[in-house]
Amino acid sequence: MTEGASNIRRAVLEATRLHRDLAIQARVIRGEGRVDVYDTIARLGVPLFFTHLDGLLGAYYRKPAAGILVTTERQQSLQRFTAAHELGHHYLGHSPSLDDEAGALRRQPFFAKRDEDLQEVEAETFAAAFLLPRWLLDWHCERQSWTDQDLLDPVRVYQLSLRVGMSFTATVWTLFRYDVFDLSVARAMADVAPKKIKQTILRGYAPTSYRGDVWLLTERDADLRVEGGPEDLIVVRLEEQSGAGYMWRVESIDGRSLAVVSDGRQGDPTDEVGGPTLRQITTEARRRGLGELRLAETRPWQPAQPRQTFAITYNLAGAERQGWYSRQRQSHFESLRAA
Ligand SMILES: [Zn+2]
């Protein structure tokens, strides 16, 4: 057996057990298609606090009682992965741990390198298996109609990573673990620059910065809840029956948090004249905010009779800020008052 193989197997089994014990699968499938790691930590009664941590991504401590700290200095996906890693330390009965970025960059989930601390291998593997279990991959692939072949495209893997709330790289290694593609594909994909993927989706639109994520939504994403950040772009790409006079238009948008920045069409070159075109409407976040983006496909002379509509909701809150996890805040104030 290769080094660490039994630790990796144990971590995956324990992540599966925790999903089962807390009936997480049913919640995820009813909800937004991502595992709520903060809620899981709260349900296990472990205090979760977000704060600036010098040189650390997160920490797990046991005295005087178990607790988890997560940095406020990193993006949402890394905060979620760090929380899942610390949850792994807790659930697997590990000793206290201070987790720095150097360690996180050195490691890959499901791999134990020579002389690696096996407790860290277990926590890292637990995190990936907890945030992206096989059934959740299958669920998203079914919804999007993606095959393994489709997942050779970094744009799709990136879109999957946004929907499950995990970093692109961790998603690549998890798909490798699930035999979606082989090691050479995984290595090449993990090396693709995120900016390049974002530029491919944006088709010529250049935002002032590429720090935010770029969501590519199609008709498969109707009613999706986008859990994004205040620098994200949301691109809606829909087939338009332009040959029959129909055009998509934005019916509802909160202009203070989201603005349309680009709007274009692309014909299908294989199609005859008069067939459908692909409409791409690009919106950019202006600040943190919650709202609904709704479009309708109508004929200009019949605006009240849409052929179809498309709507999503968005939460552009981004990374968690300083303080207790919101659903634990009240109980901590109460315990302070009682003390
Ligand atoms: Zn750790």
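The following exercises, each with a worked solution, concern the predicted model shown above.

In this predicted model, local features need pLDDT of at least 70 and side-chain atom pairs count only at pLDDT 80 or more, while totals for chains, interfaces and linings use all residues. Residues are numbered from 1 along each chain as its sequence is written, and side-chain values use heavy atoms, with hydrogens and water left out.

**Exercise 1. The zinc site**

Determine which residues are the protein donors of the zinc ion, and why the arrangement is irregular.

Solution. 

Step 1. Donors are N, O and S atoms within 2.8 Å of the metal (3.2 Å for Na, K and Ca); water is not among the atoms, so sites may look incomplete.

Step 2. Helices are DSSP runs (H or I, at least four residues), as are strands (E, at least two), and they are numbered from the N terminus. Because histidine 85 belongs to helix H4 (residues 76–91) and glutamate 120 to helix H6 (residues 118–131), the pair ties together parts that are 35 residues apart in sequence.

Step 3. Four donors count as tetrahedral if all angles lie between 85 and 135 degrees; four count as square planar and six as octahedral if opposite donors are over 155 degrees apart and all others between 65 and 115; anything else is irregular. Here the six donor atoms subtend angles of 51 to 144 degrees, and therefore the arrangement is irregular.

Step 4. Relative accessible area is classed as buried under 20%, exposed over 50%, and partly exposed in between (1.4 Å probe, protein chains only). Histidine 85 is buried at 3%, and glutamate 120 is buried at 8%.

**Exercise 2. Threonine 40 and alanine 102**

State where threonine 40 and alanine 102 lie, and decide whether threonine 40 is buried or exposed.

Solution. 

Step 1. Threonine 40 is located in helix H3 (residues 37–43). With a relative accessible area of 2%, threonine 40 is buried.

Step 2. Contact means heavy atoms within 4.5 Å. Leaving aside residues up to four places away in sequence, threonine 40 touches Leu18, Leu22, Ile24, Leu87 and Phe130.

Step 3. Alanine 102 is found in helix H5 (residues 101–106). Its relative accessibility is 48%, so alanine 102 counts as partly exposed. Between the C-alpha atoms of alanine 102 and alanine 15 there are 24 Å, with 87 residues separating the two along the chain.

**Exercise 3. The domains**

Describe the interface between domain 2 and domain 3.

Solution. 

Step 1. Domain bounds come from an automatic or database domain assignment. This assignment gives domain 1 (5–133), domain 2 (135–197) and domain 3 (206–315).

Step 2. The C-alpha centres of domain 2 and domain 3 are 24 Å apart. Ten residues from domain 2 and eleven residues from domain 3 take part in the contact.

Step 3. Buried area is the accessible area (1.4 Å probe) that two parts lose on being put together, summed over both. For domain 2 and domain 3 this area is about 950 Å², and carbon and sulfur atoms give 48% of it. On the domain 2 side, Arg143, Leu162 and Arg163 lose the most area to domain 3, together 51% of what that side buries.

Step 4. A salt bridge is a side-chain nitrogen of Lys or Arg within 4 Å of a carboxyl oxygen of Asp or Glu. The rule finds one salt bridge across the interface of domain 2 and domain 3.

**Exercise 4. Salt bridges**

How many salt bridges does the rule count, and which parts does the pair of glutamate 32 and arginine 225 tie together?

Solution. 

Step 1. The count comes to 22 salt bridges.

Step 2. In the salt bridge of glutamate 32 with arginine 225, the closest N and O atoms are 3.6 Å apart. Glutamate 32 lies in the loop between helix H2 (24–30) and H3, and arginine 225 in strand S6 (residues 225–227), so the pair ties together parts that are 193 residues apart in sequence.

Step 3. Glutamate 32 is partly exposed, at 29% relative accessible area; arginine 225 is also partly exposed, at 33%.
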